[in-house]
Amino acid sequence: MISTPDQQAVDAAITSRRSIRAYLPQPVAREDVAQILRVAARAPSGTNTQPWKVYVLDGERKQQLSSAILAIHSDPEQAKLHTEEYAYYPREWVSPFIERRRKVGWDLYALLGLTRDNKAGMAAQHGRNYEFFGAPVGLIFTMDRIMEQGSWLDYGMFLQNIMVAARARGLDTCPQAAFTQYHRVIGQVLDLPENEIVVCGMALGVADPTKIENTLITDRMQVEEFVKFVD
């Protein structure tokens, strides 16, 4: 099949998407963010329920949230009092998933020059999540608690649409499950209604090409490893 310019553009937006962990201070126009979300909202959802809700943070409010979370995150005893509301990761890690998880973590730390015994350095790097890795825009995603598993599947498609639409505009992202641990802090700072659960966060901006962490390219399985064509 001969690829068309449209196919090439879509493929490029998808395959160039990476989790970017350092950003330039270059601002992103509010209308650009709104248009990305407008496009992303065409994601499918069961019976058109559209379960997503988005809080877009920049400037002082983003800094307020970051400071509130980091104040707790930097205190191990306080951090222990904050736990996720839902299990993003499996409660028991098995092969091959545990090996993949370890590899991406150590590949990132190796780029940053962090060794296994540098616990403080690893904690500091993890803490950068809560600053949205320096991105000018932070997104917090929530959903009504009444929704069930199917809506979480729908939400994933919405998040992917955001990341692909951002790439089509020369912007970068990093989806961040790390925010779920501090859902109570997020609820207080953003005055979230009781019926909303924090799904995740996301950094949005222009990647800093000088930062070594942005050179990380994660492995992907070959099609033959995860696909079975059934005649």
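**Entry 1: helices α2 and α7.** I looked up how these two helices pass one another in this predicted model, and found that α2 passes α7 in a right-handed crossing. The axes of α2 (residues 30–40) and α7 (residues 149–168) come within 8 Å and cross at roughly 135 degrees. I therefore recorded α2 as oblique to α7. On the α2 side I listed Ile-36, Leu-37, Val-39 and Ala-40, which meet Phe-158, Asn-161, Ile-162, Ala-165 and Ala-166 of α7. I sorted this contact into eight nonpolar residues, one polar residue and no charged residues.

**Entry 2: helices α3 and α8.** I noted that the axes of α3 (residues 59–73) and α8 (residues 183–190) come within 10 Å, crossing at roughly 145 degrees. Here α3 passes α8 in a right-handed crossing. From α3, the contact uses Arg-61, Gln-64, Leu-65, Ala-68, Ile-69 and Ile-72; from α8, it uses Val-185, Ile-186, Val-189 and Leu-190. I classed eight residues of this contact as nonpolar, one as polar and one as charged.

**Entry 3: backbone in the loops.** I kept in mind that most residues other than glycine have a negative phi, and that most peptide bonds are trans. Gln-50 counts as partly exposed because its relative accessibility is 39%. I located Phe-133 in the loop between α6 (119–127) and β2 (137–144); its phi is also positive, near 55 degrees. With a relative accessible area of 2%, Phe-133 is buried. Finally, I checked Pro-96, in the loop between α4 (76–79) and α5 (97–111). The peptide bond from Ser-95 to Pro-96 is cis, with omega near 10 degrees.

Definitions and conventions:
Residues are numbered from 1 along each chain as its sequence is written. This is a predicted model: local features need pLDDT of at least 70, side-chain atom pairs count only at pLDDT 80 or more; totals for chains, interfaces and linings use all residues. Side-chain values use heavy atoms; hydrogens and water are left out. Axes are lines fitted to C-alpha atoms, for helices over the stretch in contact, and angles run from 0 to 180 degrees between N-to-C directions. Helices (H or I, at least four residues) and strands (E, at least two) are DSSP runs, numbered from the N terminus. A crossing is left-handed if the near helix is turned anticlockwise from the far one by less than a right angle, and right-handed if clockwise. Contact means heavy atoms within 4.5 Å. Ala, Val, Leu, Ile, Met, Phe, Trp, Tyr, Cys and Pro count as nonpolar, Asp, Glu, Lys and Arg as charged, and the others, Gly among them, as polar. Angles under 35 degrees count as roughly parallel, over 145 as roughly antiparallel, 65 to 115 as roughly perpendicular and the rest as oblique. Buried means under 20% relative accessible area, exposed over 50%, partly exposed in between (1.4 Å probe, protein chains only).
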